[in-house]
Amino acid sequence: MESKYEPAAIEAKWQQTWASEGLDQTPDLERPKFYALSMFPYPSGSLHMGHVRNYTITDVIARVKRMQGYRVLHPMGWDAFGLPAENAAIDRGIHPAQWTEQNIAQMRSQLQRLGLSYDWSREVATCDPDYYRWTQWIFLQFLEAGLAYQRQAAVNWDPVDQTVLANEQVDSAGRSWRSGALVERKLLKQWFLKITDYAEQLLQDLDQLSGWPERVRLMQEHWIGKSTGARVVFTTAAGDDLPVFTTRPDTLWGATFMVLSPEHPLVEKLTAPDRVAAIADYQKEAAQKSDIDRSDESREKTGVWTGSYAINPVNDENIPIWIADYVLMGYGTGAIMAVPAHDPRDFEFAQRFSLPIRGVVQPADPSLDVNNLTQAWTEGGKMVNSGPLDGIPAGKGTGESVAAAIAYLEANGKGQPQVNYRLRDWLISRQRYWGVPIPVIHCPDCGPVPVPADQLPVLLPEDVEFSGRGASPLAQLEAWTQVPCPTCGTPARRETDTMDTFIDSSWYFLRYADARNQQQAFAPAKVNDWLPVDQYVGGIEHAILHLLYSRFFAKVLRDRGLLNFDEPFKRLLTQGMVQNITYKNPKTGKYVPTSQIQDPQNPADPETGDALEAFYEKMSKSKYNGVDPQVVLSKYGADTARMFILFKAPPEKDLEWDDADVEGQFRFLNRVWRLVNSFIEAHNGANPPQIDQASLSKAEKDLRRATHTAIKEISEDVTDDYQFNTAVSELMKLSNAITEADCSGSPAYAEAVLTLVLLLAPFGPHLAAELWQQLGQKGSVHEQIWPIYAPAALVADEITLVIQIKGKTRGTLQVPAAASKADLERYARESEVAQRYIGDQTVKKVIVVPGKLVNFVVA
């Protein structure tokens with residue numbers, strides 16, 4: 001009696017077996033290494049389908065590499081600090097540590113149900129003191145290297161609750177998530193890391209990342225934002241310097257006003273008595289806007305004149321100094337020279353406030369008058385109204401005029417060439433509890449003093465009250481903050497800011513190489529052995545910050561003598577999103593759950609009857625279009641979920657969920673189960689066969705060709721350009737070829753069955769393990785050698801020859817694969833097909849395409 005495929009029982013059995021045998025622990029063998037890594041998750045408590053896709057992709061890569069003879073490091077951990085845990089403490093009265101530990105336990109169990117081959121002995125959680133002790137130690141490395149410092153910076157301030165808010169706690173209207181108050185921008189002294197010191201290295205080393213998507217490299221290049229130009233110093237009437245950086249120093253003669261950031265330190269000094277109130281009101285208004293809002297080029301420009309003037313260094317003209325919120329203190333010098341004739345933003349500002357516009361680049365088209373422009377001219381031409389530069393060709397930032405202007409500025413002591421970067425130093429201070437305490441003590445005599453390494457970790461106190469109001473919870477604990485200075489013993493105070501959680505994720509991939517080391521963050525020898533990561537897998541949303549910060553950390557730690565590599569991730573795969581059909585009422589803007597749709601062909605709002613829009617969108621709770629992985633696992637099993645995720649779309653493309661396709665993969669695995677069990681019943685298992693290719697029958701040769709074609713194609717699909725969708729398709733083809741083969745008692749058939757199970761192993765690991773055991777094979781299927789195709793098996797003895805009459809296919813014919821063109825023509829002429837369709841007609845021409853077709857042109 002044929003047994004039934006029971007995924008729940010099979011998967012539970014093998015997950016327990018693998019855990020008890022330590023099958024997935026990292027081996028210490030003399031083999032080439034392969035480090036496969038998925039970006040670790042925030043422990044929200046529940047896996048979503050995006051997680052399932054990410055982790056399944058990486059797991060297949062890890063399993064294949066093990067079978068190909070590599071020693072594989074494939075770990076998992078938890079990016080466990082962050083705001084949601086603190087919000088849970090405020091809303092539910094549960095300590096962030098307890099909430100996080102519960103979520104980790106739940107998600108670990110969910111991951112284990114997927115059959116992912118993680119080495120759980122290397123699990124890390126960033127909120128564990130054994131981990132954040134070393135995060136603090138790494139911060140001290142930055143401090144010692146002069147790469148960590150404090151300065152004033154703006155934060156989101158809730159004036160009602162008197163507390164700092166994260167960006168996520170400010171709604172789209174600029175109001176606090178709790179009090180509803182309009183959020184203000186307030187200056188606080190905060191910690192920064194000097195990532196700008198590594199801007200050029202981060203930019204240049206992108207060339208080393210040939211295994212990264214070009215899109216991601218371009219995103220990082222634009223974020224770093226290197227630009228070349230000149231530093232020019234304007235002076236105020238009071239003699240203060242106002243330096244600016246410009247990529248177009250050739251347009252200095254067209255500068256007709258200056259604009260400062262409202263936060264610029266000279267604003268107060270420059271403000272005339274009769275402008276004080278207007279300036280103060282404008283600064284307050286600007287403080288309530290985010291940098292993104294202020295940088296939005298589509299909104300109307302606003303500003304206020306300070307009442308003061310600056311002197312243009314190239315022509316000694318007095319030009320008015322304004323403040324405007326589109327100039328940010330965090331970019332450049334916080335001051336710009338405005339050339340309205342050749343910059344759209346400045347042109348709009350000048351028109352709004354009736355400021356002069358002077359053209360200095362005359363277009364080649366004489367009908368365009370540079371002194372009478374209706375919009376900014378940003379293309380090339382010739383310099384005019386520019387003294388020594390007149391007549392020089394002007395390009396768009398790179399013409400002769402730029403070089404000539406820089407030479408003039410240098411020769412006359414008015415400026416010098418300068419390289420500038422859009423990249424800003426990394427603000428890491430957070431006025432929160434649930435994060436890594438910054439290991440610094442502020443002494444009134446010694447200043448900021450690092451906590452000695454032997455006193456790490458600086459532990460988070462547990463007796464904390466979470467109200468969401470007032471100073472950060474740490475700042476309110478006097479017993480925790482008051483400590484003696486480590487240097488002089490004077491009463492001092494601990495730093496109460498915690499670190500940005502991106503700090504935690506900027507080095508976790510290093511800790512996995514030596515996760516249980518109690519004396520070091522990691523042993524350099526172990527990290528240098530395993531790193532860089534050979535394949536990193538994660539979402540495109542991390543293309544800039546996480547990846548850039550991780551690259552920065554690697555370079556700093558390299559320069560501290562702790563690493564011997566430049567880049568932490570050799571290859572990067574950014575998997576696409578998992579989407580599902582989504583229903584939205586275009587009138588109300590509300591989303592409608594799929595479960596409430598009665599007629600998918602004509603979806604209607606169950607409350608209003610309005611026709612709904614139906615489209616695919618990323619799965620999200622707010623869109624009511626999510627699919628719970630646990631439901632799929634319970635109904636079909638992990639192997640089916642894995643196979644669907646892999647088959648539905650290439651890894652880097654978005655995947656559209658389809659219940660019918662999930663069912664299709666379940667049916668396929670059932671067919672494999674029945675096929676192998678039928679073979680076992682007929683032959684009582686299988687031994688690896690010895691095959692003599694020359695002695696095989698045609699049916700055996702055809703099946704063997706299908707077997708080795710599958711080996712060849714799948715091996716290519718799981719290497720480099722991962723095409724798991726076509727790999728699964730090849731598994732289906734091989735299964736069909738075995739089912740249709742008329743040689744079930746032959747060695748070629750046994751070889752095909754064993755090969756099918758071996759090739760299935762990385763994709764459907766539980767089913768493959770069960771079938772391998774039932775076939776009577778020794779050891780785990782996951783410890784077997786990946787099959788290698790035999791070129792001789794791919795050679796066909798016969799081919800299918802297409803016969804055409806006047807270009808129209810009339811039939812086919814099996815002929816020897818080695819037949820010459822003359823033989824092919826003869827076989828075709830003598831065929832029943834040709835006899836029937838040509839008859840007594842005259843053959844005027846014969847076209848023979850070797851290996852494919854013969855076409856008769858008849859009169």
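How many nonpolar, polar and charged residues does the lining of the second largest pocket have? The structure is a predicted model, in which local features need pLDDT of at least 70 and side-chain atom pairs count only at pLDDT 80 or more, while totals for chains, interfaces and linings use all residues. Residues are numbered from 1 along each chain as its sequence is written, and side-chain values use heavy atoms, with hydrogens and water left out.

The secondary structure of the protein chain comes to 26 helices and 34 strands; here helices (H or I, at least four residues) and strands (E, at least two) are DSSP runs numbered from the N terminus. Along its principal axes, the C-alpha trace spans about 105 × 80 × 65 Å. Of the 859 residues in the chain, 52% are buried. A residue is called buried under 20% relative accessible area, exposed over 50%, and partly exposed in between (1.4 Å probe, protein chains only).

Now for the pocket. Empty space can be found by rolling a probe the size of a water molecule over the atoms. The search uses a 1 Å grid over the protein atoms alone: a cavity is a set of points where a 1.4 Å probe fits but cannot get out, a pocket is an open set with protein on both sides within 12 Å along at least five of seven lines, and lining residues have an atom within 4 Å of a point. Grid points are joined across faces, edges and corners, and a volume is the space filled by probe spheres set on the points. Two or more lining residues come from each of strand 9 (241-246), helix 10 (291-295), strand 13 (335-338), helix 11 (344-352) and strand 17 (415-421), and helix 11 gives the most, with four. As for the opening question, the lining has eleven nonpolar, 13 polar and twelve charged residues. In this grouping, Ala, Val, Leu, Ile, Met, Phe, Trp, Tyr, Cys and Pro count as nonpolar, Asp, Glu, Lys and Arg as charged, and the others, Gly among them, as polar.

The structure also holds two cavities of 30 Å³ or more. The largest has a volume of about 110 Å³; of its 15 lining residues, Glu 86, Gly 468, Arg 469, Ala 471 and Pro 473 are the closest to its centre. Its lining divides into four nonpolar, seven polar and four charged residues. The second largest cavity has a volume of about 40 Å³, and the residues that line it include Ile 90, Trp 177, Arg 432 and Gly 468. Strand 6 (residues 163-165) gives the most to this second lining, with three residues. The lining of the second largest cavity divides into four nonpolar, three polar and two charged residues.

Helix 20 (residues 659-683) has 25 residues and reaches 36 Å from its first C-alpha to its last, close to the 36 Å expected at 1.5 Å a residue; the expected span is 1.5 Å times one less than the number of residues. Asp 658 caps the N-terminal end of helix 20, with a side-chain oxygen 2.8 Å from the backbone nitrogen of Ala 660. Just after the helix, Asn 684 takes a positive phi of about 55°.

Several loops have backbone features to look at, too. The peptide bond from Leu 456 to Pro 457 is cis, with omega near 5°, and Pro 457 lies between strand 21 (447-450) and helix 13 (478-481). A cis bond also joins Leu 531 to Pro 532, with omega near 0°; Pro 532 lies in the loop between helix 16 (524-530) and strand 25 (535-538). Asp 316, a residue other than glycine, has a positive phi near 60° and is exposed at 59% relative accessibility. Tyr 624 has a positive phi of about 55° and is partly exposed at 45%.

Finally, what about the cysteines? A disulfide is a pair of cysteine sulfur atoms within 2.5 Å, and the count by this rule is zero. Cys 485 is in no disulfide, its nearest cysteine sulfur being that of Cys 443, 3.7 Å away. The sulfur of Cys 488 is 3.6 Å from the closest cysteine sulfur, in Cys 446, too far for a bond. Cys 485 is buried, at 4% relative accessible area, whereas Cys 488 is partly exposed, at 39%.

Notes. A polar contact is a pair of N or O atoms within 3.5 Å; within protein, one must be able to donate a hydrogen and the other to accept it, and residues adjacent in sequence count only if both atoms are side-chain atoms.
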